[in-house]
Protein chains: 4
Amino acid sequence: MILDNFKSVISKYEVVFFDAFGVLKTYNGLIPGIENTFKYLKENGKDFYVVTNDASRSPDQLAESYVRLGIDDITPDRIISSGMLAREYLELKVRNGIVAYLGTDNSAHYLETSKLKTVSIRSLNLDSVADVSALVFLDDEGFDWNTDLTKTLNLLRKRNIPVIVANTDKTYPASKSRLSIAVGALAKMIEDTIGRQFIRFGKPDPQMFIFAYQHIKNYPDISKRDILMVGDTLHTDILGGNKFGLDTALVLTGNTQAEDAEVRIRSAGIIPTYICVSAVVD
Amino acid sequence: MILDNFKSVISKYEVVFFDAFGVLKTYNGLIPGIENTFKYLKENGKDFYVVTNDASRSPDQLAESYVRLGIDDITPDRIISSGMLAREYLELKVRNGIVAYLGTDNSAHYLETSKLKTVSIRSLNLDSVADVSALVFLDDEGFDWNTDLTKTLNLLRKRNIPVIVANTDKTYPASKSRLSIAVGALAKMIEDTIGRQFIRFGKPDPQMFIFAYQHIKNYPDISKRDILMVGDTLHTDILGGNKFGLDTALVLTGNTQAEDAEVRIRSAGIIPTYICVSAVVD
Amino acid sequence: MILDNFKSVISKYEVVFFDAFGVLKTYNGLIPGIENTFKYLKENGKDFYVVTNDASRSPDQLAESYVRLGIDDITPDRIISSGMLAREYLELKVRNGIVAYLGTDNSAHYLETSKLKTVSIRSLNLDSVADVSALVFLDDEGFDWNTDLTKTLNLLRKRNIPVIVANTDKTYPASKSRLSIAVGALAKMIEDTIGRQFIRFGKPDPQMFIFAYQHIKNYPDISKRDILMVGDTLHTDILGGNKFGLDTALVLTGNTQAEDAEVRIRSAGIIPTYICVSAVVD
Amino acid sequence: MILDNFKSVISKYEVVFFDAFGVLKTYNGLIPGIENTFKYLKENGKDFYVVTNDASRSPDQLAESYVRLGIDDITPDRIISSGMLAREYLELKVRNGIVAYLGTDNSAHYLETSKLKTVSIRSLNLDSVADVSALVFLDDEGFDWNTDLTKTLNLLRKRNIPVIVANTDKTYPASKSRLSIAVGALAKMIEDTIGRQFIRFGKPDPQMFIFAYQHIKNYPDISKRDILMVGDTLHTDILGGNKFGLDTALVLTGNTQAEDAEVRIRSAGIIPTYICVSAVVD
C-alpha cells in the first residue's frame with residue numbers, strides 16, 4: 001500500500017470536505033497536530049467544510065464544541081450536518097403541524113420554526129396524534145428505548161406520515177474499547193418492523209454532498225474536480241464522495257486501520273483516490 | 001376466496017400442528033369455541049401439538065398458561081417452542097461455560113444445566129467475559145434496552161461466540177390496538193450492526209418443524225402427508241409448513257384478515273392448502 | 001381516494017419534471033391527449049423536463065423517439081437521463097483507459113470521449129484486462145446473458161475497478177402482458193455475487209434530481225417549492241421527488257393502478273402530494 | 001491458528017458428512033490422497049455421506065461421476081443432494097400437473113413420476129400455462145438466459161405457483177481462475193424482481209441436514225453428537241452443520257484458504273469445531 005502525503009494531496013484542490021469523527025477528532029479529543037492543517041488551509045487560501053452525519057446538535061453548537069477543543073477555524077457556516085438536511089426537508093415538505101422526535105430536547109430545538117412545533121415521543125399521548133405530521137429520528141439519547149421505540153412503532157401504525165432519519169450511522173465510538181448504538185440502527189429496526197420506507201439523510205447519500213457543494217462560498221464557480229473529500233470510513237465518506245464525482249482521501253486515524261485498509265478496499269470495491277496516514281499537515 | 005370448513009379439513013389428517021397466538025388465543029384470551037376443537041380431536045383419536053415461536057417460558061409454564069385460560073388438553077409434552085431448540089443447541093454445541101442472555105431471569109432458568117450457567121447481560125461485567133461461551137436472545141423483557149443492547153454489542157466485539165436467537169418474531173400484539181417489539185427485531189438490529197451471522201430458531205425455519213415432527217407420539221410411523229399445520233401468519237406458519245412438506249391451513253383470526261388474505265397470498269406467493277375462518281370446530 | 005385535477009395542480013408550479021414511461025407513453029405509444037399537456041405548458045410559459053432512468057440511448061436519440069411519436073416539444077436539452085449521470089461520473093472520476101460495458105454498442109457511443117474508449121464485454125479478452133478502468137451496466141440488450149454476465153463476474157475478480165449501474169430499474173413493460181428484465185436486475189445479481197459495492201444512478205437516488213435541478217434554465221433562481229415531480233411509480237418518482245424536497249403527483253396510467261393506489265401508498269409509506277388520473281391536461 | 005489432524009478428528013465420530021466440491025474434489029479432479037480417507041472409514045467401520053448442493057444430476061449419476069474419478073465407495077445411497085429435497089417436495093406438495101424447470105433435460109428426468117410431468121421453460125408456450133403447477137430452478141445450463149429467464153418472470157406473473165430453488169449456491173468454480181454463476185443466483189434475481197417468496201433447498205438450510213440425518217443407516221440410534229460435518233465453506237457447510245447441532249470441521253482445500261481462514265471466522269462469527277488442512281487421512 002503506497003501512502004500519499006496529505007499536504008501534497010490537498011495542495012492540488014481548492015476546497016476540502018472533512019468528515020469529523022475519526023478525521024479531526026476522536027473520543028479522546030482532537031487528532032494531535034490537526035490545528036496545523038487549518039493553519040495551512042488559511043495561509044494557502046483554501047476553503048474547507050466539515051461534512052458530518054450528526055443531528056444531535058445545531059451547527060452553532062457543533063462549532064462551539066470545536067472552540068472548546070481549541071480550534072476556532074470551524075465556524076458554523078463551515079459545518080454541514082445531516083440534521084441541516086432534515087430541517088430543510090421539514091421546511092419544504094411538512095411546513096406545519098407537529099413533528100414527533102426521538103432524541104434530546106436540545107436536538108429538536110433546531111428543527112422548530114414559527115409554523116412547526118416539535119414533541120418528544122416520550123411526551124406524546126398515543127391517543128391524540130391527529131396533528132402529528134412527521135416523525136424524526138435525531139439522536140440515540142434523550143428517551144427510553146423500551147418504552148419510546150414501542151410508542152414509535154404504534155404511532156406509525158396510526159399515522160401514515162413521513163419518517164425522517166437524520167443520521168444514518170449505526171454506531172459511534174464511545175471510548176477506546178466501547179461502541180455505542182447510533183440512532184440510524186434504531187431507525188432501521190423500526191423501518192424493518194413496520195415495512196415502510198423512511199427518508200434517510202447522511203453520507204453516503206449524495207444529497208449530503210450536494211448540500212455541502214451548494215454551501216461552498218464560490219459555488220457554482222467551483223468544479224467538482226477542485227474538491228477533495230477526506231474521510232476515515234469507506235462506506236460513507238469515500239463511497240459517497242466518489243459517487244458524487246469528487247476525488248477522495250482515506251485517512252487511517254479512525255474506522256479504517258492501516259493493517260486492514262487494503263483488504264477492505266479490495267473486498268468492498270470502494271476505491272479512494274488517495275490513502276494518507278492522517279489529515280494532519282506536518 | 002373459497003373458505004374450507006375446518007372440521008372437514010382436520011378430519012383428513014392424523015396429526016395437527018397449531019400455532020398459538022392468533023389461532024388458539026389472542027391478547028383477549030382464548031378464541032371463543034376453541035375448546036370444541038380439542039374435544040373433537042380427543043374424541044376422534046387425533047394427535048396434536050402447539051408449535052410456537054416463544055422462548056419466554058418453559059413448556060411447563062406455557063402449558064400452565066393454557067390451564068389458567070381453561071384448557072387442560074395442552075399438556076407440556078404437546079408444546080414445541082423455539083426455546084426448546086435453543087436449549088437443545090446449547091446442550092449439543094456449547095456444553096459448558098456461561099451463557100449470557102437477554103430476557104427475564106425466568107426465561108433463562110429453563111436453559112440451565114449442571115454444566116451450563118447463565119448470566120443476564122444486565123449483571124454481566126464487560127471487563128470479565130472470558131468465560132462467556134454463548135449469548136442467547138430470549139425475550140424483549142427483563143432488561144434495559146439502552147444499556148443492555150449496547151453492552152451486548154460490546155460483548156460481541158470482545159468475544160467471538162455463538163449467538164442464538166430463540167424467537168425470530170419481530171412483533172407481537174399487546175392489545176387490540178398496540179404492537180410490542182419482539183426480541184427477534186432487537187436481535188436483528190445487533191446482527192446488522194456487528195455484521196456477524198446469528199443462529200436463529202423459530203418458524204418458518206424447518207428445524208422447528210422437524211423438532212415437532214420428531215416429538216410426535218407415533219414418529220416415525222406418521223408420514224408428513226398425515227400432518228396439517230394450522231396458522232394465522234403466511235410468512236411463518238404457512239411458508240414453513242409448506243416447505244417442510246406439510247399441508248397447511250390459514251385461519252383468519254390473527255395476523256391475516258379476511259379482507260386482505262387473497263391479496264397477501266398472491267403478492268407473497270405463499271399458498272396455503274386451505275383457508276378457514278378459524279380453527280374452531282363447531 | 002380524492003383525485004386532483006392535473007391542470008389545477010400544474011398551474012401552481014413553474015417547472016414540471018415528468019417521468020417518461022407510464023406517464024408520457026406506454027408500450028403502445030403516447031398516452032392519448034398528452035400533446036395537450038405540452039401545449040398548455042408552452043402557452044403558460046412553464047418549463048418542463050423529462051427525468052428518466054434510461055441509459056440505452058443518448059438524449060439526442062431519446063428526443064428523436066418523441067418526434068417519431070409526434071411530439072417535438074421534448075428537445076434534447078429537456079431530457080435528463082441516468083445515462084447522463086454515468087457519463088458525468090466517467091468524465092470526473094475515470095478520465096482515461098478503457099470502459100467495459102454491458103449493453104448495445106449504440107448505448108456505449110454516448111460514453112466515449114477523446115480519452116476514454118469503450119469495449120463491449122462481448123468482445124473483451126479476459127486474459128488482457130490491465131487497461132480496463134471501469135465497467136458500466138447500460139442496457140439489457142446487446143449481449144448474451146449466459147456468456148457475458150459470467151465474463152463480467154470474472155473481470156471483476158481480476159480488476160478492482162469502479163462499477164457503474166446506469167439504470168437501476170429491475171423491469172420494464174414489453175407489451176400489455178409481458179415484462180422484460182432490465183439491466184438494474186442483472187447488475188444487482190452480479191453485485192450480490194461478487195459482494196462489492198456498485199455505483200448506481202437513477203431515481204429515486206437524489207443525484208438524479210439534483211442533476212435535473214441544475215439543468216433547469218433559470219437555476220438557481222427557481223426554488224424547489226416551484227417544481228413538481230410527476231410519476232407513475234411510488235418507489236422511484238415519488239420517493240425520490242419527496243426526499244429531494246419537491247412536491248409530487250402520482251398518475252395512474254402506469255405502474256400504479258387506481259384500484260390499488262391507496263393500499264400501496266399506505267403499505268409503502270410513500271405519500272405523493274397529489275394523485276391524478278393522468279398527466280393529460282384536458 | 002491451531003490446525004487439527006483430520007484423522008484424529010474423525011476418529012471421535014461414528015458418522016461423517018462430507019461436502020463434495022472443495023473437500024473431495026475440485027475442477028481438477030479428486031483431492032490427492034482422498035481415497036485414503038475412504039479406506040480409513042471402511043477399515044474403521046465408520047459411516048459416511050456426501051451432502052451436496054446439487055440438482056443437476058440424480059444420485060445415481062453423481063455416484064457414477066465418482067466412479068469415473070476412481071472412487072467406488074460413494075454409492076448412490078451415500079449421496080444426499082438438494083435435488084433430492086426438491087423431488088420430495090414435489091411428491092408431497094405438488095403431486096400432479098406439469099412442473100416447469102430451468103436446467104438441462106437430464107436434471108429434470110429425476111423429478112418425473114407417473115403423475116408429474118416436466119417441461120423446460122425453453123419449450124413452454126406462455127399462452128397455455130393453466131396446467132403448470134410448480135416451477136423448479138435446477139441448473140444454470142440447458143437454457144438461454146436472456147429468453148428463458150424473461151419467460152420465467154412472465155410465467156410467474158400469470159400463475160401463482162410454488163417456486164422451488166433446488167440449489168441455492170451463487171457460484172461454482174469452473175477452472176483455477178474462473179467462476180461460473182450458479183442457478184441460485186439466477187433464482188435470487190427472479191425472486192427479487194417478482195417480489196415473491198421462493199422455496200429454497202440446500203445447505204445451510206437445516207432441511208438438508210435433517211434429510212441426511214434420516215438417511216443414516218442406524219438412524220435414529222445415532223446421536224447428533226456422533227456426527228461430524230466436513231466442509232470448505234463457512235456460510236453453508238459450517239453454519240448449517242453448527243445450527244443443526246453437529247460438530248464441524250473446516251478444511252482449507254476449497255473456498256476458505258489458510259491465509260484468510262481466521263479473519264473470515266472472526267468477521268462472520270461462524271466458528272467451526274475444528275480446522276484441518278484437508279479431509280485427507282495420511
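## Two interfaces to work through

Chain A is divided into domain 1 (6-53 + 204-246 + 261-276) and domain 2 (83-200), with bounds from an automatic or database domain assignment. This is a predicted model, in which local features need pLDDT of at least 70 and side-chain atom pairs count only at pLDDT 80 or more, while totals for chains, interfaces and linings use all residues. Residues are numbered from 1 along each chain as its sequence is written, and side-chain values use heavy atoms, with hydrogens and water left out.

**Exercise 1.** Describe how domain 1 of chain A touches domain 2 of chain A.

*Solution.*
- Start with the contact (heavy atoms within 4.5 Å): domain 1 of chain A gives 9 residues and domain 2 of chain A gives 11.
- Next, the buried area (accessible area, 1.4 Å probe, lost when two parts are put together, summed over both) is about 810 Å², with 66% from carbon and sulfur atoms.
- On the domain 1 side, A:Tyr27, A:Asn53 and A:Phe211 lose the most area, together 67% of what that side buries.
- Finally, look for salt bridges (a Lys or Arg side-chain nitrogen within 4 Å of an Asp or Glu carboxyl oxygen): the count is 0.

**Exercise 2.** Now characterise the interface of chain B and chain A.

*Solution.*
- Chain B and chain A put 26 residues each into the contact.
- About 2,200 Å² is buried between these chains, 58% of it from carbon and sulfur atoms.
- The rule finds 2 salt bridges here; one of them joins the side chains of A:Asp127 and B:Arg178 at 3.2 Å, N to O.

How values were computed:
Chains are lettered from A and ligands numbered from 1 in the order in which they are written.
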